[in-house]
Amino acid sequence: MTDNPFSLWVYLSQSPLLWLTVTLLVYAATDAVSLATRRHPLANPVLHAMWIIGAILLVTGTPYTSYFAGAQFVHFLLGPATVALAVPLYENRKRAVASIVPMLVALLAGSVTAVVSVVLLAELAGLPRDVVLALAPKSVTAGVAMGIAESLHADPSLAAVAVILTGIMGAIIVTPLMNRTGVTDYRARGFAAGLAAHGIGTARAFQVDEIAGVFSGIAMSLNALVTSFLVPVAVTLLVR
Amino acid sequence: MLASLGLILLCQLIGEAVVRGLGLPLPGPVLGLLLLLMLLLARDRFAWLSFGPLRNAGVETASKGLLAHLSLLFVPAGVGVVQKLDLLASHGVAIVLVLALSVVVTLLATVLTFRLVSCLLKLGDAR
């Protein structure tokens with residue numbers, strides 16, 4: 001037993017175990033709330049886990065790097081989870097092949113809209129040039145967006161934050177927005193969710209409908225490809 | 001279960017290696033996705049591929065387990081927002097508005113294009 005309770009905290013806060021545990025427990029709680037509200041869009045588990053953990057870090061004065069030393073084990077699984085999207089795609093391959101033409105046209109329209117709209121709006125809002133560059137790849141999944149930002153000499157960690165914020169807002173807004181447009185085709189709804197809001201949109205789509213989830217996963221993967229080519233071109237043409 | 005996770009990681013590893021080696025402008029995990037998809041399709045065609053994680057829905061079960069908590073995986077990167085509080089204090093409102101507007105426009109453009117093209121195709125088939 002240590003005489004000083006503070007030294008125990010110093011030890012624990014430096015070990016990966018504490019922050020990994022905090023991440024899992026806080027998410028388990030926010031996910032339970034989301035389930036209890038029958039997956040209400042505003043009870044988005046990522047959004048609430050994010051600010052609760054962020055507040056814990058600020059209150060305890062823990063630097064993000066110490067937090068990430070523990071949470072990286074969760075972060076790492078983003079890659080394998082992308083590979084795992086092959087399985088729902090495989091199981092629904094007949095439906096995916098049957099909608100290949102609308103998918104490819106929507107992919108092109110959606111990717112161009114995502115990049116061009118964010119660059120134009122950000123310039124209009126008078127944001128500094130390095131912020132505009134970091135926001136440009138915001139519709140693709142975190143790892144890819146960070147890579148794109150790096151190649152543009154923009155801040156990758158700001159790009160990651162823009163990606164997560166986009167994903168959360170997309171996941172919150174997609175169901176009410178789609179209900180208002182009157183589109184009941186879950187292929188189209190899911191495809192839009194994955195294209196605009198990557199993995200967080202895909203997670204949301206799987207909560208709503210299995211087919212929506214599959215099409216969302218396809219859109220997310222394809223958009224990662226297209227956006228990697230598109231952002232450098234758009235930035236050269238649009239950013240002063 | 002262990003072999004299935006191993007297969008998923010192997011697909012990602014090959015994907016990353018090929019992307020780095022050839023300097024392709026696409027993310028490694030996306031190539032890994034294509035690889036796993038081709039493996040699953042090949043297994044249905046060739047019986048001899050049906051072993052280990054490719055048998056009895058092994059890799060399917062492991063993948064669904066990973067995807068069941070997809071949103072959890074974004075939490076660590078999301079908490080990174082605490083590093084950007086000064087930037088958010090000066091430009092936060094503009095950034096959030098820009099991202100929100102852009103996501104709405106993107107969702108609408110995508111869903112409407114998808115519907116428009118599939119309706120046009122249906123009209124073409126009916127004729």
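Reader: Let me start with one residue: is A:Ser99 buried or exposed?

Author: A:Ser99 is buried, because 20 other C-beta atoms lie within 10 Å. The rule is that a residue is buried if 20 or more other C-beta atoms lie within 10 Å of its own, exposed if 12 or fewer, and partly exposed in between, with C-beta atoms placed from the backbone. Before we go on, this is a predicted model: local features need pLDDT of at least 70, side-chain atom pairs count only at pLDDT 80 or more, and totals for chains, interfaces and linings use all residues. Residues are numbered from 1 along each chain as its sequence is written, while chains are lettered from A and ligands numbered from 1 in the order in which they are written.

Reader: Thanks! Where is A:Ser99 placed?

Author: A:Ser99 sits in the loop between helix H7 (93–98) and helix H8 (100–124) of chain A. Helices here are DSSP runs (H or I, at least four residues), numbered from the N terminus.

Reader: And which residues is A:Ser99 in contact with?

Author: Leaving aside neighbours within four places in sequence, A:Ser99 is in contact with A:Arg187 and B:Ser118. Contact means that the C-beta atoms of two residues, placed from the backbone, lie within 7 Å.

Reader: New topic: how many residues of chain A are in contact with chain B?

Author: 87 residues of chain A are in contact with 60 residues of chain B. On the chain A side, H11(A) supplies the largest share, 16 residues. That side divides into 62 nonpolar, 22 polar and three charged residues. For those classes, Ala, Val, Leu, Ile, Met, Phe, Trp, Tyr, Cys and Pro count as nonpolar, Asp, Glu, Lys and Arg as charged, and the others, Gly among them, as polar.

Reader: What ipTM does the predictor give the complex?

Author: The predictor gives an ipTM of 0.88, along with a pTM of 0.86.

Reader: Which residues touch the most other members of the largest nonpolar core?

Author: That core has 111 residues, and A:Ala86, A:Val118, A:Leu135, A:Ala145, A:Ala159 and B:Val75 touch the most other members. Helix H11 (residues 156–181) of chain A gives the most to this core, with 16 residues. A nonpolar core is a set of buried Ala, Val, Leu, Ile, Met, Phe, Trp, Tyr and Cys residues joined through C-beta atoms within 7 Å.

Reader: Let's pick A:Val118 from that list. What is A:Val118 in contact with?

Author: Beyond neighbours within four places in sequence, A:Val118 is in contact with A:Leu135, A:Ala136, A:Lys138, B:Val98, B:Leu99 and B:Ser102.

Reader: And A:Ala196, why is that one called buried?

Author: A:Ala196 is buried because 35 other C-beta atoms lie within 10 Å. This residue is found in helix H12 (residues 186–208) of chain A. Not counting residues up to four places away in sequence, A:Ala196 touches residues including A:Gly110, A:Ser139, B:Val103 and B:Leu107.

Reader: Last one: where is the kink in helix H4 of chain A centred?

Author: The kink, about 55 degrees, is centred on A:Gly70 in helix H4 (residues 64–76). The bend at a residue is the angle between axes fitted to the seven residues ending there and the seven starting there. A:Gly70 is also one of the buried residues of H4(A). Those buried residues are covered by elements including helix H2 (16–36) and helix H3 (45–60) of chain A together with helix H4 (75–79) of chain B.

Notes
Helices (H or I, at least four residues) and strands (E, at least two) are DSSP runs, numbered from the N terminus.
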